[in-house]
Structure formats: C-alpha cells, structure tokens
Amino acid sequence: MPLSDYDIIIGLEVHAELKTESKIFCGCSTEFGGLPNSHVCPVCLGLPGALPVLNEQALDYAIMAGLALNCTIAPYSKFDRKQYFYPDSPKAYQISQYDLPFCTNGWIEIPSSEEKGKTKKARIIRVHLEEEAGKTVHSGSGILNSQFALEDYNRCGIPLIEIVGAPDLRSPEEARYYLERLKAILQYTGVSDCKMEEGSLRCDANISLRRKGTTEFGVLAEIKNMNSFKAVQNALEYEAERQAKLLDSGERMVKQTRTWDENKGITVFMRSKEEASDYRYFPDPDLLPVRVTDERIARLRARLPEMPEAKRKRYIEEWGLPEYDASFISSSREIAEFAEAAVAEYGDAKTVSNWVMGELTRLLNQERMEITESKVTPSMLTALLRLVDSGTINLNTAKAVFEEMFMTGKAAQTIVEEKGLAQINDTGELERLAKEVLAANPKSVADYLGGKEQAIGFLVGQMMKATKGRANPGIVNTLLRQELEKMRSS
Ligand SMILES: [Zn+2]
C-alpha cells in the first residue's frame, strides 16, 4: 500500500532555553561558551544543603511564552522533582513540573498541508518550566583506546521551557511550518534566542501511521537529534515511508526511540520504549508553590509585541502584500522591524518587500549575516529607492549600488557621485548614440524592420553596454523605436 493510504500523525516536543542573565535557581551566569565548569555554584552542582531560589524573570518569560502561544495560565502551580540518574544531572533529579504546569491548552496557527491555502490550529497541550541538564562531552581515545566522557555543568540550571504539542500535525511539511511559526513567536516575544546551532532550541518528534478511515493511533516512534527544521522534515519523511513499509509487510511495530543520521539521511534504532519510564515525580520540598496573580498576567500580556500572525495579516490587508511576501517579512521580528521602518519612510510596501526579500536577503545569506548586522539601514534603502524614482539611476545600477552600500556602509548618493553612476537622461546624447548603434548593427535593424519585434532587445543591450549600464532604459527604448520607424518610412 502506498503511503497515501495512511494518515501521518505527528506531535512535536520542543525545548527552548530562556534568555535570562542568570540560571533558574541560582545566580550563575547563563553565558554560552564559557570555560567548562566556570559558571557553577553549590546549587547548580547539587551539593548537599544548597537551596534553590526561583528566578522570577524565568517565570515571567515562561508565562509570556504561554500567553503568546494562546495558553491558559495556571493561577496556582508548583515544581516537581523528576528522578533519573545520568552524569549530566548532578542532583540525580531534574526540577521540572508534573501535574500543574504553568501554561496549558494553547495553539499555533499554521498553513494546512491537507487543504492548500487554508490554515489550521495545531494545539499545544502544555508549556512547563524546568532546568537544563549539563553537557556530556565524549572525548577521543586514550592509550588503551578507551572512550571517556567529561561533564560540563555550565548549562546545568539554565531555564528551559518544554512545549508539548498535540498529535495534530498531518505531514512532515506541517511539522516544519509548526516549528517555523513557534520559533518566530518565541523570538518575537523575546524569551529565547532559539539558536538551534547552540542548542537553545531542540525538537523531538513523535510519529505514527494510521490506516485511512480508522481512528486508532498506531505504534509511535520518537525521533531525536535533528538540528535544523529541514532535518526535522527530512527525518519525518523518511520515517513515514519506513513505517508504511513495515505495516504493509505485517511486521509487529515496537514503540521505540530513533536517532536521525544527517549524513546517511536515515533514522536509526536507539532503544525500545515499551514501558513509560517511572520518574517517581514528587513536589520539590525546597521550593514553595507559585501563585500567579491576574495583575502579573496582565502586566506580562502588555509586554507582548504584535505577533507574527497579526503582522502577516496586517501586511496583506493594509499594505496589500501578497501572502508569500507577508509571510516572509513577518517570519522574524528583526526583518519585520526593518521593513516597517522602510515602508514608513518610503511608502510603497511592495517595492520595499522586493528589496528586502531580494537583494538584502541574498547578501545577508552570502555573507552569513543577520539583518541586525546589516550596514544598510531602512533610511539608506529609502534614499536609494528615491534615486531610482527621480531617474538619477536605473534599477540595474541601483542593485550594484546597494551591494556597495551593504559592503561599505556608504550612502547611495555618495557611491553614485564617487563612481559617476548617474543615469544618462540627456536625450541629445542618447540620440547620437542610438544612430551609431543602428549603423553598426544592420542585421538587427533588418530583422526588426522585417517584423522581428524582439530584435530591439539586442539593440537596447548595445546601448546599455556603450553607456556601461547608465542609459535610462525607458528613453533608450523610445529613441531606438523612433529611429527605426524613421528608417522604415524613408
Ligand atoms: Zn549556580
């Protein structure tokens, strides 16, 4: 049976580190990349007698994330100990939340892959607050060729939210949409920098198949170790095919954890998962339960910026942008802020959007830079666009000028003056040149006069070449046609 005879059921669990200055239960720095074990203290090392104190900023951020994800915020909550023994957790338990998470019952709106052009709400079951574990560094081989592992506890105790999504996603593509939207929302809210490459955003995926027309969920596999959104989509696509083949062959499926091998493009069996782990949760006796007042929720709600979904809709309705442009511009808060500033100054949103999605994004990708590092400001882009509008430079020159602006940070006007790039609008000069070009290209002239309209393209090209791209293309076109018509009637 082909894969299309099955429903694909996907649920994602996402961990995001919160962007606080200090850790969740102690005053240690959360700075990334410090010397191993330089940001530690008795609390985050789990030494006997050390007592945790909740970082209120971490709680504020967790609540803001919950509000941005349309969750209900619990008025009364608590922390629980999750017991497990692993070297990256020095206390042998993690402080997490069990039955009373801070946020429940939210949703994210994503494009539907089942009904093109429609959106759907992917539910979020819960968002809870917990502490990060340390980092195990597996090191090379010693004299006896034995592997060893080192522990870095700098990460231990960094505040973390876990966002548990409902199994509402019906394709690997929807999983990617969900992650893209989730990341944008968290970044907009300012609670996490969501850097997948630094591990501050991580995703595990649960996937199972169900014969179309039935309601019972199949046996699921959990996939770990995907370090980009593209990898999540690829891993899920591979896994869906793999499970469909197994189900077709009638083989018994086992609940299992698999890892994504990026190089081979396959998921690999890690361990079976037939029974739920018993973490023996119980309320942490060192931390008081937490009451979240309505005033606190109201204060945090007021701090939320306009969310990407709202921006996207506004760009379509108020700016008249196509869906694609609106999604692109609203996908990151920084891009949206750049575009909004430029549109406020320049006015024409579609032109701004073309430049942001085109030249600016191309150069940012090429130089591996973020938009916040760009030397070109919205005002500088506006000044460049005005030079095009006034006919001082043409569009092709503008692209070259923009690249120079991007690399050097110089103003458009300065570059145009320094390099003598101003457009040639002098009709007399261009007319003289048109006659020269026509005289030098009798074949194209004959083609045009013989009815081959497109032959004019070559002649325009010759004019642009002769003026090093500075001729006003509109004037060039008109002049050439005028001269050619004169030749026809003579
Ligand atoms: Zn500490």
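Which residues of the largest nonpolar core touch the most other members?

## Nonpolar cores

This is a predicted model. Its largest nonpolar core holds 73 residues, and the members that touch the most others are Ala62, Ala65, Val127 and Tyr178. Ala65 has contacts with Val127, Ile161, Leu186, Thr189 and Val191, when neighbours within four places in sequence are left aside.

As a general background, nonpolar side chains in soluble globular proteins tend to be buried together.

## Domains

The domain assignment divides the protein chain into domain 1 (10–214 + 270–295), domain 2 (306–419) and domain 3 (427–489). Taken over C-alpha atoms, the centres of domain 1 and domain 3 are 66 Å apart.

## Helix α6

Helix α6 covers residues 323–330, and six of its eight residues are buried, so the helix is largely enclosed by the rest of the structure. The buried residues are Asp325, Ala326, Ser327, Phe328, Ile329 and Ser330.

Which helices do the buried residues of α6 pack against? The partners are α5 (308–317), α7 (333–346) and α8 (349–366).

## The sheet β5-β4-β15

Strands β5, β4 and β15 form an open sheet in that order, with antiparallel pairing. The edge strands, each pairing on one side only, are β5 (93–96) and β15 (282–283).

Strand β4 spans residues 80–83 and is joined to β5 by four bridges, the two strands running antiparallel. Lys82 stands opposite Gln94, a residue of β5.

Ile223 lies in strand β12, which comprises residues 221–224.

Not counting residues up to four places away in sequence, Ile223 touches Asp204, Ala205, Ile207, Ala235, Glu239, Arg258, Trp260 and Thr267. One of these contacts, Thr267, is 44 residues from Ile223 in sequence, yet the C-alpha atoms of Ile223 and Thr267 are 7.6 Å apart in space.

Key
Residues numbered from 1 in each chain as written. Predicted model: local features only at pLDDT ≥ 70, side-chain atom pairs only at ≥ 80, totals over all residues. Domains from an automatic or database assignment. Pairing = 2+ DSSP bridges. Buried ≥ 20, exposed ≤ 12 C-beta atoms within 10 Å, placed from the backbone. Contact = placed C-beta atoms within 7 Å. Core = buried A, V, L, I, M, F, W, Y, C linked by C-beta atoms within 7 Å.
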